[in-house]
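Reader: Could you walk me through this one?

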Amino acid sequence: MKRVLLIVHPTRPAAAKFANDLSSRFVAQGYEILSNYPALIDSARAIDEVHNSDWAIVLGGDGTILRGAEIALDLNIPLLGINLGHVGFMAEVDSFTFDDVAEAIIKKDYVLDQRMLLSFAVKRDNAVIENGWSLNEVSIERKSTTMLELFVQIDQRPLSRWGCDGIICATPTGSTAYAFSAGGPVLWPEIDALVLLPISAHALFSRPMVVSPTSEIIVDIESREALLSSDSLRKFKIQQGDRVLITRDSTVIKLSHIKPTLFTDRLVAKFKLPVEGWRGE
């Protein structure tokens with residue numbers, strides 16, 4: 001049985017409508033429909049019941065895609081994002097009809113785009129107490145009004161001590177998300193690199209940095225408490241004396257696109273950049 005997983009934003013009527021249109025098209029071609037919210041889609045079953053699919057389609061914004069990435073990574077299947085949100089950097093730039101989307105998957109007429117992941121581990125008393133991954137970023141932030149004290153090292157060598165609101169380590173995919181809002185650089189997805197930047201650091205040097213993908217970033221927590229966040233979805237309380245290790249993960253997320261698109265065009269479209277110049281030339 002061929003299966004398609006439809007991941008929808010539960011409070012957006014447009015997502016449910018598009019999903020039902022897609023569902024009817026796939027069912028007519030002999031596909032079984034799974035969903036994270038099966039009650040919103042006719043003939044759909046819960047993904048938890050089957051836990052197996054050939055494809056995942058996300059109907060929503062980048063936040064919904066991040067949630068879909070958790071499922072897609074676990075099932076090792078491609079993920080296609082149809083943007084029904086705001087910025088939607090990981091979703092398709094153009095608007096497509098449900099027939100376009102269904103036909104592309106049924107005929108396997110699509111482009112795969114492998115995206116780097118981050119891996120993190122939290123050590124306490126030399127024992128790993130938590131670990132995980134992220135598609136966009138791993139951030140360590142203060143939990144109170146008190147400035148956070150962090151000691152940052154790269155490849156076992158000290159880089160700096162920062163009194164700050166926090167620190168972000170992002171992938172190229174995440175460079176247009178939280179890291180971008182905090183003043184970090186935009187990285188093209190094809191670049192193998194990590195972005196590292198402190199948030200509102202009280203320091204003479206607090207510039208965003210582009211780090212080798214083979215490097216290990218170590219952050220020692222010197223404040224009483226802090227909060228580690230992975231893609232703003234998975235959050236963990238950490239405390240003084242904890243050590244956070246961040247590296248490139250060995251796996252990737254397989255994003256897909258109905259047609260090839262250059263990241264430059266995506267950047268221009270999403271940020272509405274004035275390519276004609278301010279004088280209209």
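Reader: Over which ring does the charged end of Arg161 sit?

Author: Quick caveat: this is a predicted model, where local features need pLDDT of at least 70, side-chain atom pairs count only at pLDDT 80 or more, and totals for chains, interfaces and linings use all residues. Numbering runs from 1 along each chain as its sequence is written, and side-chain values use heavy atoms, with hydrogens and water left out. A charge sits over a ring if NZ of Lys or CZ of Arg is within 6 Å of the ring centre and within 35 degrees of the ring normal. For Arg161, the charged end is 4.0 Å from the ring centre of Phe151.

Reader: Which parts does the aromatic pair of Phe120 and Phe236 tie together?

Author: Rings of Phe, Tyr and Trp (its six-membered ring) pair if their centres lie within 6.5 Å; planes under 30 degrees apart are stacked, over 60 edge-to-face, the rest tilted. Phe120 and Phe236 are tilted, at 5.8 Å centre to centre and 50 degrees between the planes. The pair therefore links parts 116 residues apart in sequence: strand β6 (residues 111-124) and strand β16.

Reader: What is the bridge partner of Leu228 in β16?

Author: Strands are DSSP runs of E, at least two residues, numbered from the N terminus, and two pair if DSSP finds at least two bridges between them. β15 (residues 225-230) and β16 pair antiparallel over 6 bridges. Across from Leu228, the partner is Phe236.

Reader: Is Phe236 buried or exposed?

Author: Buried means under 20% relative accessible area, exposed over 50%, partly exposed in between (1.4 Å probe, protein chains only). Like Phe120, Phe236 is buried.

Terms used
Helix = DSSP H or I, 4+ residues; strand = E, 2+ residues; numbered from the N terminus.
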